[in-house]
Amino acid sequence: MVQDFFREEYMLNNAIDSCLKPYIALIHGITMGGGVGLSVHGQFRVATEKSLFAMPETAIGLFPDVGGGYFLPRLQGKLGYFLALTGFRLKGRDVYTAGIATHFVDSEKLGMLEDDLLALNSPSKENIADVLETYHTKSKIDQDKSFILEEHMDKINSWFSANTVEEIIENLQQDGSSFALEQLKVINKMSPTSLKITLRQLMEGSSKTLPEVLTMEYRLSQACIGGHDFHEGVRAVLIDKDQNPKWKPANLKEVTDEDLNNHFNSLGSNDLKF
């Protein structure tokens, strides 16, 4: 079942990306993990003031999948690396400012927007873009609010430019500011294996096509399912909710290069193919 589930999910992510019909996602409310996969690969992505975006997988012993290895490293600077490793939550207009959404519309106008889109006769991408742009321009909620991470972006770009998780942690420790220490505290709670997998996933994904990334992520998904941390993370965060996962290995030092490489190994005839 777990082979079929991830295979079908990732194939759907790729189908959304390559869909020739105009695809519009309304990112309204909580959009995390799988919900991101259903929206972020579409051509049009509409956020509202009630949008809540995150890729929180490192907290459950997984990694930001559904093409996270493709879209996250393509966000401005090192923002995607920061979001992937910390699971930081973006809300409302910040989802648009970050580049996750292409448009921002006040939630009370969503019904009207849908009606206007459905009323289009044989809509072209240009027609749709015009309608969305009209609504976007009229949206006033948080219009003058600066991006929540604006003041930290230079530092985020510097800290998360490191090539290893250990170096990122060292950068945060050396900085010592309250924001840096807050992120350090968050990262230290995550699965050490997940952190290492995720950094490599994004670094490799930055130069791959989406199908290549999804093939890589399918390999990672199967390795995580066969390992310890994903089961333990789901138990601690989602089932027992004690928020106290016991990761194995328990620290970054014990996650060997061999362990890491094994996650990325080809599955041969079981690989995901497009």
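Reader: What does UniProt list for residues 3-264?

Author: The UniProt record, an unreviewed entry, gives "domain: Enoyl-CoA hydratase/isomerase" for residues 3-264. Bear in mind that the model shown here is predicted. In it, the end C-alpha atoms of residues 3-264 lie 16 Å apart, and the span is 53% helix and 7% strand.

Reader: Why is cysteine 19 called partly exposed?

Author: Buried means under 20% relative accessible area and exposed means over 50%, with partly exposed in between. Cysteine 19 has 32% relative accessibility, so it counts as partly exposed.

Reader: And what about cysteine 224, is it buried or exposed?

Author: Cysteine 224 has a relative accessible area of 5%. The cut-off for buried is under 20%, so cysteine 224 is buried.

Reader: How many disulfides are there?

Author: The count comes to zero disulfides. To be counted, a pair of cysteine sulfur atoms has to lie within 2.5 Å.

Reader: What makes strand E1 and strand E6 edge strands?

Author: Let's begin with the sheet itself. Three strands form an open sheet in the order E1-E3-E6, with parallel pairing. Strand E1 (24-27) and strand E6 (103-104) each have a single partner strand, so one side of each is left without a neighbour in the sheet.

Reader: How do you know that E1 and E3 pair?

Author: Two strands pair if there are at least two bridges between them. E1 and strand E3 (residues 44-47) have four bridges, in the parallel sense, so they pair by that rule. Isoleucine 24 stands opposite phenylalanine 44 in E3, and isoleucine 27 stands opposite alanine 47 in E3. E3 is also joined to E6 by two bridges, running parallel, and here valine 46 stands opposite histidine 103 in E6.

Reader: Which way do the residues of E3 point?

Author: Phe44 and Val46 point one way from E3, while Arg45 and Ala47 point the other way, and all are buried.

Reader: What is the order of the strands in the sheet with mixed pairing?

Author: The order is E2-E4-E5, and this three-stranded sheet is open too. Strand E2 (30-32) and strand E5 (90-91) stand at its edges, since each has a single partner strand. Strand E4 (residues 52-54) is joined to E5 by two bridges, and these strands run antiparallel. Phenylalanine 53 stands opposite leucine 90 in E5.

Reader: Which residues have the most contacts inside the largest nonpolar core?

Author: They are Leu90 and Leu149, in a core of 60 residues. Several helices give two or more residues to this core, including helix H1 (2-18), helix H9 (165-175) and helix H12 (210-225). H12 gives the most, with eight residues. Leaving aside neighbours within four places in sequence, leucine 90 is in contact with residues including Phe53, Leu83, Val95, Ile100 and Leu149.

Reader: Which residues of helix H13 are buried?

Author: In helix H13 (residues 229-239), the buried residues are Asp229, Phe230, Glu232, Gly233 and Ala236.

Reader: Why are they said to line one face of the helix?

Author: Seen down the axis of H13, its buried residues fall within an arc of 160°, so they line one face. An α-helix has 3.6 residues a turn, so residues three or four places apart point the same way. On the other side of H13, Leu238 and Ile239 are exposed. H11 and H12 are included in what covers the buried residues of H13.

Reader: What follows H13?

Author: Lysine 241 follows H13, and its phi is positive, near 60°.

Methods
Residues numbered from 1 in each chain as written. Predicted model: local features only at pLDDT ≥ 70, side-chain atom pairs only at ≥ 80, totals over all residues. Heavy atoms only, no water. Core = buried A, V, L, I, M, F, W, Y, C linked by side-chain atoms within 4.5 Å. Buried < 20%, exposed > 50% of the residue type's maximum accessible area, 1.4 Å probe, protein only. Contact = heavy atoms within 4.5 Å. UniProt positions renumbered as here; feature names shortened; annotations may be inferred. Arc of directions from axis to C-beta.
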